[in-house]
Amino acid sequence: MSLDRSDIEKIAHLARMAVDEDRIEGYATDLSNILGLVAQMDDVETDDVTPMAHPLHMAQRLRVDEVTEVNRREDFQAIAPKVESDLYLVPKVIE
Amino acid sequence: MHNKTIAELGAGLRAGEFSSVELTRHFLKRIDSLDEGLNCYITVTPDVALQAAEAADQRISAGDAGPLTGIPIAQKDIFCTQGVKTSCGSRMLDSFISPYDATVVERLNAAGVVMLGKANMDEFAMGSSNETSFYGPVRNPWDRERVPGGSSGGSAALVAARLAVAATGTDTGGSIRQPAALCGITGLKPTYGRVSRYGMIAFASSLDQGGPMTRSAEDAALMLQAMAGFDPRDSTSAEEPLPDFSAGLNDSLQGLKIGLPKEYFDEGLDAGVAASVEAAIEEYRKLGAEVVEISLPNTHLAVPTYYVVAPAECSSNLSRFDGVRYGYRCEDPKDLEDLYKRSRGEGFGEEVKRRIMIGTYALSAGYYDAYYLKAQKIRHLISDDFKAAFEQVDVVLGPSTPTTAFGLGEKADDPVTMYLNDIYTIAANLAGLPGMSVPVEPVEGMPVGLQLIGNYFDEAKLLNVAHKLQQVTDWHKLAPEGC
């Protein structure tokens with residue numbers, strides 16, 4: 001599997017991650033090489049194998065529906081990049 | 001003082017030979033004079049340390065001390081520490097002061113440890129050389145032109161250089177065992193679910209597991225005892241009884257069945273490393289163990305499978321870093337998409353970006369079956385290999401890494417070559433099994449690690465097998481020059 005420039009641009013957009021223009025070719029090569037390594041999986045017959053979702057085959061534990069967390073808004077907002085009136089600020093979304 | 005183990009120092013503290021404050025000052029002084037050349041620590045916390053040491057001394061004089069009370073350790077910077085910067089080796093979290101403690105940190109603090117600081121690591125634990133850290137590479141104390149391994153490279157190097165008595169690490173594909181091997185220390189990755197992942201910054205959630213990095217198996221048992229156990233705050237924490245990990249350390253190995261997977265001794269293994277592992281196997285024969293050859297036929301598929309599962313889970317986990325609630329935010333975003341894209345593009349380093357992109361691709365529409373589902377199926381086959389092996393043997397033994405530590409920069413530009421360094425360690429993560437690396441005879445002055453893999457929740461057996469070797473050999477006591 002070989003990826004080109006436009007594949008990298010598409011993947012980076014899906015990941016909402018800017019990549020430097022001059023690094024795109026490098027990523028295309030690196031990712032193609034990694035997919036080359038991964039392609040070794042193709043030789044294995046797995047039609048009758050069940051996928052392993054959990055190393056210990058455990059089911060997800062449930063807990064009682066009780067409030068266990070205390071409100072720590074101030075602590076959490078103290079480490080935020082930008083807050084105002086108890087709200088996290090981002091660029092305007094709705095005109 | 002710094003050459004002593006947890007057990008020895010604990011006895012000295014409780015006998016009043018020295019105080020925890022004295023011990024802590026001694027290590028802080030060593031960090032001051034030695035760490036500049038090694039770069040093991042991202043953050044040193046002298047105030048936090050001395051405060052904890054004073055509290056420990058009070059506990060000791062009140063007769064309320066446990067085996068770890070007053071012992072100076074380092075926390076890998078992947079563990080959240082309340083009020084202390086928790087960077088995970090990334091620019092993304094360079095300004096992140098954690099508002100809470102990880103369960104591992106909470107438990108070790110309750111046991112009375114003294115945290116000297118936060119250990120350097122590969123960015124978000126993605127790397128095998130510590131070269132992907134935003135804070136620069138860690139140097140191997142045995143040869144400063146070589147890497148310490150990764151991702152817990154800072155933890156391994158600082159334990160080897162005696163800049164703390166022990167450290168915590170995490171292991172997703174070998175990140176405790178590989179650096180432990182390359183730095184000549186003892187490292188244990190417990191069974192998946194044994195140690196809580198709460199507050200341990202997530203990389204690949206079905207593989208990540210925290211564990212101790214120490215200078216002996218005896219110390220690893222003491223650390224694991226404090227770190228392990230069920231935690232309701234981690235939804236994958238195992239509800240398994242916690243044994244006394246130190247109780248069986250001296251059990252006889254007479255009749256123990258050790259399996260050597262023939263796939264771990266093939267042409268990829270350096271001849272010197274193979275000879276060191278053979279020498280340790282000979283010691284086990286003398287201790288009464290029976291050594292048999294076994295086969296783990298799907299070993300060659302571990303690395304390819306891992307490089308689907310780990311990046312897929314990482315791309316999902318790291319989507320939380322969006323520049324909105326905490327962490328790095330870009331300057332002057334023009335709209336919300338620009339805020340996400342540039343904050344992530346500028347906050348993450350090269351290797352993290354590569355893995356996020358591989359994972360995003362593998363999980364994107366139309367590719368899920370060919371990659372993630374296929375990998376999860378092969379993971380089952382790899383796990384079945386071990387299941388069959390443990391029907392014949394008690395522990396699996398082999399090398400931890402194919403070679404000794406490689407040079408700084410030597411593999412940094414070629415991700416695939418770097419990935420193959422974890423060829424012997426990854427399978428245990430995919431299967432969820434406990435694994436350990438123990439120092440054996442060095443090759444040309446560089447440490448070599450012996451790997452032991454045990455059955456589920458059988459860490460006590462691994463510790464016993466490692467401890468018995470350390471009772472009849474001195475390889476684990478070797479220290480790098482100048483340390």
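Predicted model: local features only at pLDDT ≥ 70, side-chain atom pairs only at ≥ 80, totals over all residues.

Trainee: Thanks! With that cut-off, which residues is Val440(B) in contact with, leaving aside its neighbours within four places in sequence?

Mentor: Start with the setting: Val440(B) is part of strand S10 of chain B, which covers residues 435-443. Its relative accessibility is 1%, so Val440(B) counts as buried, the limit being under 20%. Gln470(B) is 30 residues away along the chain, and its C-alpha atom is separated from that of Val440(B) by 9.3 Å. Once neighbours within four places are set aside, the contacts of Val440(B) are Ser276(B), Ala280(B), Val448(B), Gly449(B), Leu450(B), Leu469(B) and Trp475(B).

Trainee: And Leu68(B), is that residue buried or exposed?

Mentor: Leu68(B) sits in a loop of chain B, between helix H3 (46-61) and strand S2 (72-76). Not counting residues up to four places away in sequence, Leu68(B) touches several residues, including Ile6(B), Leu108(B), Val113(B), Leu222(B) and Met223(B). Its relative accessibility is 2%, and the limit is under 20%, so Leu68(B) counts as buried.

Trainee: How far apart in space are Leu68(B) and Leu108(B), C-alpha to C-alpha?

Mentor: Leu108(B) is among the residues that Leu68(B) touches. In sequence the two are 40 residues apart, while in space their C-alpha to C-alpha distance is 8.0 Å.

Trainee: Leu108(B) makes me curious about helix H4 of chain B. What covers the buried residues of H4(B)?

Mentor: The helix spans residues 103-110, and its buried residues are Thr103(B), Val104(B), Val105(B) and Leu108(B). After H4(B) comes Gly112(B), with a positive phi near 95 degrees. As for the cover over those buried residues, it includes S2, strand S4 (166-170) and helix H7 (217-227) of chain B.

Trainee: Let me turn to the two chains. How many residues does the contact take from chain A and from chain B?

Mentor: The area buried between chain A and chain B is about 5200 Å², and carbon and sulfur atoms give 70% of it. On the chain A side, Met41(A), Met52(A) and Arg61(A) supply 15% of the area that chain A buries against chain B, more than any other three residues. Counted by residue, the contact takes 50 from chain A and 73 from chain B.

Trainee: Which helix gives the most to the side of chain A that touches chain B?

Mentor: Between the chains there are 16 residue pairs in polar contact, both partners at pLDDT 80 or more. Helix H1 (5-14) and helix H2 (24-38) of chain A each supply at least two residues of the side that touches chain B. That side divides into 34 nonpolar, eight polar and eight charged residues. With eight residues, the helix that gives the most is H2(A).

Trainee: Now the charges. Which residues are linked in a network of salt bridges with Arg23(A)?

Mentor: Side chains of opposite charge can pair when their charged atoms come close. Between chain A and chain B the count is two salt bridges, and one pair that meets this way is Glu350(B) with Arg23(A), at 2.6 Å from N to O. The network joins Arg23(A) with Asp30(A), Glu350(B), Glu351(B), Arg354(B) and Arg355(B).

Trainee: Within chain B, Arg177(B) and Asp171(B) meet in a salt bridge. Is Arg177(B) buried or exposed?

Mentor: The N to O distance in that pair is 2.9 Å. Asp171(B) has a relative accessible area of 0% and is buried. Arg177(B) also stands at 0% relative accessibility, so Arg177(B) counts as buried.

Trainee: What about Asp75(A) and Arg72(A): what do they count as?

Mentor: Their side chains meet in a salt bridge, 2.9 Å from N to O. Asp75(A) is at 37% relative accessibility and Arg72(A) at 23%. Buried means under 20% and exposed over 50%, so both Asp75(A) and Arg72(A) count as partly exposed.

Technical notes. Residues numbered from 1 in each chain as written. Chains lettered and ligands numbered in written order. Heavy atoms only, no water. Contact = heavy atoms within 4.5 Å. Buried area = accessible area lost by both parts, 1.4 Å probe. Salt bridge = Lys/Arg side-chain N within 4 Å of Asp/Glu carboxyl O. Polar contact = N/O pair within 3.5 Å; in protein donor to acceptor, adjacent residues only side chain to side chain. Helix = DSSP H or I, 4+ residues; strand = E, 2+ residues; numbered from the N terminus. Nonpolar A, V, L, I, M, F, W, Y, C, P; charged D, E, K, R; others polar. Buried < 20%, exposed > 50% of the residue type's maximum accessible area, 1.4 Å probe, protein only.
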